[in-house]
Amino acid sequence: QVQPAESGGGVVQAGDSLTLSCSVSGGTFVGDDMVAWYRQAPGKEREVIGTITWDAGSRHYADSMRGRCTIYRNYHENRAWLHMNGLTPEDTAIYYCNIQRDAVMYWGQGTQVTVSS
């Protein structure tokens with residue numbers, strides 16, 4: 001089984017930056033993985049933020065946070081990252097790391113990001 005594990009959430013002030021981390025609990029990423037970051041705000045649908053392939057590092061960004069985030073991965077640390085800046089209260093949500101491996105989606109437990117006004 002593949003178990004993503006997110007970390008880095010917390011309470012921040014409007015205008016702050018924040019970096020979230022995703023790792024594979026008890027394992028590693030592999031070359032055919034696709035890593036995706038999602039978020040779900042209270043009362044709203046889950047939305048994708050962006051994706052990155054583990055091997056080539058090919059990135060795709062959705063419109064949700066385009067221009068205010070960067071997704072990258074680090075082979076040495078065996079982690080994928082979501083860096084966000086210019087946070088607003090509307091960014092308050094649970095942020096999820098998703099790993100697609102061999103046509104199966106694996107979800108982390110999520111990490112809460114709360115942006116105070």
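**Strands and aromatic pairs**

User: What stands opposite isoleucine 71 in E8?
Analyst: Leucine 82 does. This is a predicted model, by the way.

User: How do E7 and E8 run, and how many bridges join them?
Analyst: They're antiparallel, with six bridges between E7 (residues 69-74) and E8. Their hairpin has four residues between the strands, and asparagine 78 there takes a positive phi near 55°.

User: Which strand pairs with E8 over five bridges?
Analyst: That's E3, residues 18-24, again in the antiparallel sense. In that pairing, tryptophan 81 of E8 is the bridge partner of serine 21.

User: Switching to rings. How many aromatic pairs are there?
Analyst: Five in the structure. One of them is tyrosine 38 with tryptophan 107: the ring centres are 4.9 Å apart and the planes sit at 55°, so it counts as tilted.

User: Where in the chain are those two?
Analyst: In distant parts: tyrosine 38 is in strand E4 (residues 34-40) and tryptophan 107 is in strand E10 (residues 104-107), 69 residues apart. Tyrosine 38 is buried at 14% relative accessibility, while tryptophan 107 is partly exposed at 31%.

User: And why is the pair of tyrosine 72 and tryptophan 81 called stacked?
Analyst: Because their planes are at 15°, and the cut-off for stacked is under 30 degrees. Their centres lie 6.0 Å apart. Tryptophan 81 is buried at 17%; tyrosine 72 is partly exposed at 30%.

User: What charged end sits over the ring of tyrosine 38?
Analyst: Arginine 46's, 5.0 Å from the ring centre.

User: Which residues form one aromatic cluster?
Analyst: Phe29, Trp54 and Tyr75.

How values were computed
Residues numbered from 1 in each chain as written. Predicted model: local features only at pLDDT ≥ 70, side-chain atom pairs only at ≥ 80, totals over all residues. Heavy atoms only, no water. Pairing = 2+ DSSP bridges. Phe/Tyr/Trp six-rings, centres within 6.5 Å; stacked < 30°, edge-to-face > 60°. Buried < 20%, exposed > 50% of the residue type's maximum accessible area, 1.4 Å probe, protein only. Lys NZ or Arg CZ within 6 Å of the ring centre and 35° of its normal.
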